[in-house]
Amino acid sequence: VDIKNVNVNLAEGTLTAKGKLKDYLKAQQFVFDGQMDGVLVERLIDQTNLPAKAQGQIKGNFHVLGAGFAPEALKQSLHGNGHVEMVEGKLVGRNILKLIVDALSMIPQAQEKIDQNLPQQYKDILKSPDTVLNKVTADMTLQGDTIVVKPVEVEAQGFLMQGSSEVNFEQ
């Protein structure tokens, strides 16, 4: 069975997928490719109790395949990969560069050196209550009941962070 153009509205953006389902009565093998665009992170994730709020649009693509529709079958067969990025990103209520500079000020004479040598553009950034996220990207791999996100890269005004994460659906 060919499944063409499944469109879902998601957090004011769109999720589009197409795929194939083979032997749906027995083996239930499936493969799907999809894209998302314009998904608002602030509408996707409940951030009510967080000290800072993320804003931005998520776009990306994914490829998923597996066999079986029962949860136990999916744990064994489900796998795929994807890439997401956030555009026009912002962390509202938290200036990460300021947190870093404030932490460095514990070092003797560091604050004085920073004040003397920091370019004006970064001094201006330190005055903002928010962090503008110039680039946020993540590659993901799905294997059974585990998603591995590696690498995650966050580039903002004055710094770059990289990391990875693993999430198990059982947690």
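This is a predicted model: local features need pLDDT of at least 70, side-chain atom pairs count only at pLDDT 80 or more; totals for chains, interfaces and linings use all residues.
Me: Which strand joins β2 through nine bridges?

Reply: That is strand β3, residues 29–40, and it runs antiparallel to β2. Here a handy pair to look for is A17, which stands opposite G34 in β3.

Me: Now the turns. What should I look for in the backbone angles there?

Reply: Start with the general idea: most residues other than glycine have a negative phi. In the hairpin of β1 and β2, two residues lie between the strands, and A11 takes a positive phi near 50°. The hairpin of β2 and β3 has six residues between its strands, and D23 in that turn has a positive phi of about 50°.

Me: Where is Q28, and what is its phi?

Reply: Q28 sits in the loop between β2 and β3. Its phi is positive, about 50°, although Q28 is not a glycine.

Me: And Q109: is it buried or exposed?

Reply: Q109 counts as exposed because its relative accessibility is 60%, and the cut-off for that label is over 50%. You will find Q109 in the loop between α3 (96–104) and α4 (110–117). Q109 is not a glycine either, yet it has a positive phi of about 70°.

Me: What about the peptide bonds themselves?

Reply: Again, the general idea first: most peptide bonds are trans. In this model, the bond from K150 to P151 is cis, with omega near -5°. P151 belongs to strand β7, residues 146–156.

Me: Which residues touch the most other members of the largest nonpolar core?

Reply: They are I58, M86, L97, V101, L133, V136 and F159, in a core of 21 residues. At least two residues of this core come from each of β5 (79–92), α3, α5 (120–126), β6 (131–143) and β7. There is also a second, separate core of five residues, with F30, V64, L78 and L142 among them.

Me: What is L133 in contact with, leaving aside its neighbours within four places in sequence?

Reply: L133 is in contact with M86, G89, K90 and L91, and also with V154, E155 and A156.

Methods: Residues are numbered from 1 along each chain as its sequence is written. Side-chain values use heavy atoms; hydrogens and water are left out. Two strands pair if DSSP finds at least two bridges between them. Helices (H or I, at least four residues) and strands (E, at least two) are DSSP runs, numbered from the N terminus. Buried means under 20% relative accessible area, exposed over 50%, partly exposed in between (1.4 Å probe, protein chains only). A nonpolar core is a set of buried Ala, Val, Leu, Ile, Met, Phe, Trp, Tyr and Cys residues joined through side-chain atoms within 4.5 Å. Contact means heavy atoms within 4.5 Å.
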